Amino acid sequence: MQKKNEPEMQTQGHVLWRSVIQSTGSTLLWVLILLVLGGLYLSVSAKAASAGRRVMSLEDKIDALKLTHSEITTLHAQATSHQRMSELASSMGFRPAELNEIRFIYTPWTPEKSSFLAPVPRAVRELRKAVLSPAYTETLVDGLKRILGVGGTE
Amino acid sequence: MTTARGFVGRSAMILFMLGLSMVALIVQLVRVQFGPFAPVFASQTQGGLGPVEKRDADRGLIFDRNGKLLATNNYLFYLEVETRQLTDASIKDIPVVLAELLDLEELELKQQLTMMRNDSNYYRIRLRQKTSEGGWIPITIDKVAAGILQQFLQDPAGPDLTGLALVPDQERVYPAREIMGHVIGFVNQEGEGYFGVEGFYDDWLSGKPVNFQRAYIPFDAGAQADPTAGANLVLTIDVDIQMSAATALRDAIEKTKAESGQVVVMDPKSGEILAMVAVPELDPEHYEEWIRLDSDEERVVAPAVAGQFEPGSTFKTLVMAIALNEGVVSPGDEFMDTGEIEIGGHIIRNWDVEAYGPQNMLGCLQYSLNTCLAYVAFDKLGAARFYAGMEDFGIGSTTGIDMAGEVSGQMRVPGDPTWTESDLGTNAFGQGLSLTTMQLLTAVGAIANGGVMVQPHIVQQVVGPQGEYWPKSTVLGRPISEETANVISEMLHLALEAESSASLVPGYRLAGKTGTAQIATEYGYDPHWTIASFIGWGPLDDPQFVVFVRVDKPQISPWGSVVAAPVFKEVVERLVIHLAIPPDDFRDQLVETNLGDED
């Protein structure tokens, strides 16, 4: 009886093993599909994140340039203020012309002086980098390094 | 079996990697929630700052009519500390670094940090420093110092500045400094504009702030709204003229040892203010003392629109203009001056207490006879026509100039419980009433402009993100006819040539009137001090400017003809150069040539 049953049991064992492989295979297939989908999602996200980082970086650069422009404008205005220029001119020996030293000449071909037009104001944002606490930028690796004493400020 | 073992091994590896990722994720979540930086997030929420922040717009720039920058913005940083983020090391290091870098008291800083850290009510504090007067002001640093601190913050090997944050802000910068202080006003530490143009156009200049959430996630890049920037303004002021007027006034005040003074120049046709100077000058970057003076009513920030005074004899210009316009007198009408006249029980005498005998109306203006003008107002015009005429000239009401703080002056009129007939007599020569420089300038501007009174304004152009706007000249009324305006102008031209040589500018026909006003106090008129003034315009054939000069409490002479008239002359001599106004004969020649060409 035992000998008679042996092939049957072997067959049942193969069937069981096959069904395990089949179910594991199908599970892994789903996992694989999920991983592929996840990978695709991560890939697209990474690209979007990378582009976003670049945009943010460019925005920061634009803001920094605008601020620099604003600072230079202020410095220029201070350096060329009427008082400063008057002092400079008088130190160089110049003085305002008196009325009796002025000679008026009629020049009909001279174009009329055009009015000054103020520039259109543009919003300048804050310097985000300068105020960003490390709380927002520290990665897990940075944190581990800090805790282990490899680096950081604590 | 090898295949099965390999499969199991790979599966285990994948599971291990997934598990590791999960652990890392959980650790990161725990770290954010409970780690050393947890108080940063907690303080933002609990401290009321919240995740939503307010972003202020850039304040608009202010230019003069030729594009010279008069007001701009500079960036500075406040030093703030997130108290719950402070460590034992950073409490020691922050004061040391700041004291060394910014030359501050280390102990003061340490006390602030220790005290606030132990107080659970504080989550975020702004570091302060003591002033020389003993008060406290927030510590501000420039971009360079901020850069150094930022490097320290990012340097793991550097001093521990954990908890320190740099908060950017703007400060207002005025390159023209005190030359424009009384016109522009100033902006306080909260970014609010006060007085002058800054005060009047504060809403426009300050723009619209936005509430936003900081985009730390790259996907949110570009999604943040920018605040609407404040509009840029172009003033009607010409800094060159302003500077010339300031120089002339400063010199006059120094020479006459006067207390203060004003010069205002206006284009009577357009109402544009070309210069508005007041001494003592106001540095808009150091305005604190002026706030106290203004609130104590000792000295106003914008004296041309907010400072009231009794105009004295310059006011006779308006009285004579009304009388001529009403047809009650003509230039040749005679008046017998006995040196005094009684009106409403009040004896009115001339400025020098002299009698000038028979005079015509031209003589009345020429010698600035109080008695004559009181006679004209009382006997010829009568109270109803006098005050109606003054109302037409805008006396007693604001001009509507676009500067903050304008006042209307004071003039009692019939019907007021305190008005008496004697008021009519004294009002006729500019006493017993008060008005602002701008009111007088606007009213006299009507005479210069052929009877048409134009509203004064100081902003020529507004440029905002949505577009540009050019305020137009507004006619306030026609208080006198063109004919009357020409007659009174001619009379004042002749009076000027005969009596006020100090104000004459060779080559130009000008009209004007001197004024010497007593200063009213709560105990009557001050027996010592006067306000010496002069108002004039020209060139008579095509008036392009009205100039008002006022010198308060001069010591060398009390008279407008001695103190203020020379300032008028000096200002006009520079003005005709700046505005490129050739002498009368040159312009007459030009007109003849042009007419010849047309023929």
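**Chain B: a helix pair and some backbone details**

Let me begin with B:D103, which sits in the loop that runs between α3 and α4 of chain B. Keep in mind throughout that this is a predicted model. Phi of B:D103 is near 55°, a positive value in a residue that is not glycine. Is B:D103 buried or exposed? B:D103 is exposed, because 8 other C-beta atoms lie within 10 Å, and the cut-off for exposed is 12 or fewer.

Helix α3 of chain B covers residues 88-102 and helix α4 of chain B covers residues 106-118; their axes come within 8 Å and cross at roughly 150°. The crossing of α3(B) with α4(B) is right-handed. Which residues meet there? On the α3(B) side they are B:I91, B:I94, B:P95, B:V96, B:L98 and B:A99, and on the α4(B) side B:E106, B:L109, B:K110, B:L113, B:T114 and B:R117. By type, the residues of this contact are eight nonpolar, one polar and three charged.

A positive phi also turns up at B:K553, again near 55° and again not a glycine. B:K553 is in the loop between β27 and α18 (560-563) of chain B. B:K553 counts as partly exposed, with 19 other C-beta atoms within 10 Å.

Last, the cis peptide bonds. One joins B:V279 and B:P280, with omega about 5°; B:P280 is in the loop between β14 (273-279) and α10 (288-295) of chain B. Another joins B:G538 and B:P539, with omega about -15°, and B:P539 lies in the loop between β26 (524-538) and β27 (545-552) of chain B. For context, most peptide bonds are trans.

Conventions:
Residues numbered from 1 in each chain as written. Chains lettered and ligands numbered in written order. Predicted model: local features only at pLDDT ≥ 70, side-chain atom pairs only at ≥ 80, totals over all residues. Axes fitted to C-alpha atoms, helices over the stretch in contact; angles between N-to-C directions. Helix = DSSP H or I, 4+ residues; strand = E, 2+ residues; numbered from the N terminus. Left-handed = near helix turned anticlockwise from the far one by under 90°. Contact = placed C-beta atoms within 7 Å. Nonpolar A, V, L, I, M, F, W, Y, C, P; charged D, E, K, R; others polar. Buried ≥ 20, exposed ≤ 12 C-beta atoms within 10 Å, placed from the backbone.
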